[in-house]
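My notebook is open, and I am looking things up one at a time. Come and read along with me.

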Amino acid sequence: MAGAEKVSNKQVIFKDYVSGFPKESDMYLTISTISLKVPEGSMAVLVKNLYLSCDPYMRPRMSYSTDSYTTSFKPGTVINGYGVAKVLDSGHPNFSKGDLVWGFTGWEEYTLITTPDALFKIPNTDVPLSYYIGILGMPGITAYAGFFEICSPKKGDYVYVSAASGAVGQLVGQFAKLSGCYVVGSAGSKEKVDLLKNKFGFDEAFNYKEEQDLVACLKRYFPEGIDIYFENVGGPMLDAVLANMRVNGRIAACGMISQYNLEKPVGVFNLMNIIKKQIKMQGFIAGSYYHLYPKLLEMILPHIKEEKVVYVEDIAEGLESAPLALIGLFSGRNVGKQVVLIAKE
């Protein structure tokens, strides 16, 4: 690697552990240098990052924890998460210069990935590359596994999706319609509600911020009860859903974004309904279902090409915009899947 070219490398650094709502100042930009060659004899891959993903699961990583399914960010180090990248150099037999990949990478312009086995090669470039951190990436697997594997939908089921205009929810709603279900979604603005009904084809949608009584609200939209709830929110919303579930209902617990910034989580009181109504509620994480990735692609790529499934992204430009894009998730600022464009291919 002697004489290998070195370039400047802009990076987003995690400042320190967070309590309450994260702020832009909890992260800062710096510039380092990096070699564009992998160390001689290593199995590493050197990539140029093209797109970075902002995801709700990143908020718990900003607090110190030893019992989470993901590791906490380390203060003073580069933030990492899902991204789309181009391989510039490789010591790994499965990857070559010029390959496009998606997987875990750094929030920086260039990343040396020392354990590239978890990277996925990008086979289809006739769809936007950013889709590989959305509909064709972790959110896609999350929606597919949660809805089809855990919820086992049947034609005619009544389906409710919270945070329905987000990266995962917009897909679950469309999967439900493709499966012949009746689907209602909730979101936090008129713009998002209109999107659910007019773009994603939900049967009904409502702005949860305008509802004083969530139990009564859900009763209004589901007079016969809910068969399937795709849980993204937690707290009072989950409580209201439990009061409206049907016998043998299924709940896929994907996330609980309402709880991530609270120092003391909000309790749930209607748990007796799980027994009375024989409800199945299962938590899950996408990483346990990546073996289904080929099935996701087989199902969804034709639907994308035929425009039977659509995907809305909110794209921020430039690495310097990444901190604000990330914290915007927790105030509902984004419309659709939040992506940060770092560089054109």
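**Entry 1: Leu136.** I looked up what Leu136 touches, leaving out residues up to four places away in sequence. I found Trp102, Val127, Tyr131, Tyr293, Leu297, Ile300, Leu301 and Ile304, where a contact means heavy atoms within 4.5 Å.

**Entry 2: the cores.** Leu136 belongs to the largest nonpolar core, which has 83 residues. I noted that Val84, Trp107, Ile135, Leu136 and Phe147 have the most contacts inside this core. Helix α1 gives the most to this core, with seven residues. Another core, of 19 residues, lies apart from it, and I found Val184, Leu218, Val233 and Leu242 among them. Buried means under 20% relative accessible area, with a 1.4 Å probe and protein chains only.

**Entry 3: ground rules.** I must remember that this is a predicted model, in which local features need pLDDT of at least 70 and side-chain atom pairs count only at pLDDT 80 or more, while totals for chains, interfaces and linings use all residues. Residues are numbered from 1 along each chain as its sequence is written, and side-chain values use heavy atoms, with hydrogens and water left out.

Entry 4: Is α2 mostly covered or mostly open? I found it mostly covered: eight of the 10 residues in 169-178 are buried. Gly169, Leu171 and Phe175 are among them. The buried residues of α2 pack against several elements, including α1 (138-150), β9 (182-187) and α7 (293-305). Just after α2, I spotted Gly180 with a positive phi of about 80 degrees. Helix α5 (residues 235-242) is mostly covered too, with seven of its eight residues buried, including Met237, Asp239 and Leu242.

**Entry 5: the whole chain.** I listed eight helices and 15 strands; these are DSSP runs numbered from the N terminus, with helices (H or I) of at least four residues and strands (E) of at least two. Of the 345 residues, 54% count as buried. The C-alpha trace spans about 70 × 45 × 35 Å along its principal axes. Why does the radius of gyration agree with a compact globule? With 345 residues such a globule would have a value near 20 Å, and the chain has 21 Å, so the two agree. This radius is taken over C-alpha atoms, and the globule rule is 2.2 Å times the number of residues to the power 0.38.

Technical notes. Buried means under 20% relative accessible area, exposed over 50%, partly exposed in between (1.4 Å probe, protein chains only). A nonpolar core is a set of buried Ala, Val, Leu, Ile, Met, Phe, Trp, Tyr and Cys residues joined through side-chain atoms within 4.5 Å.
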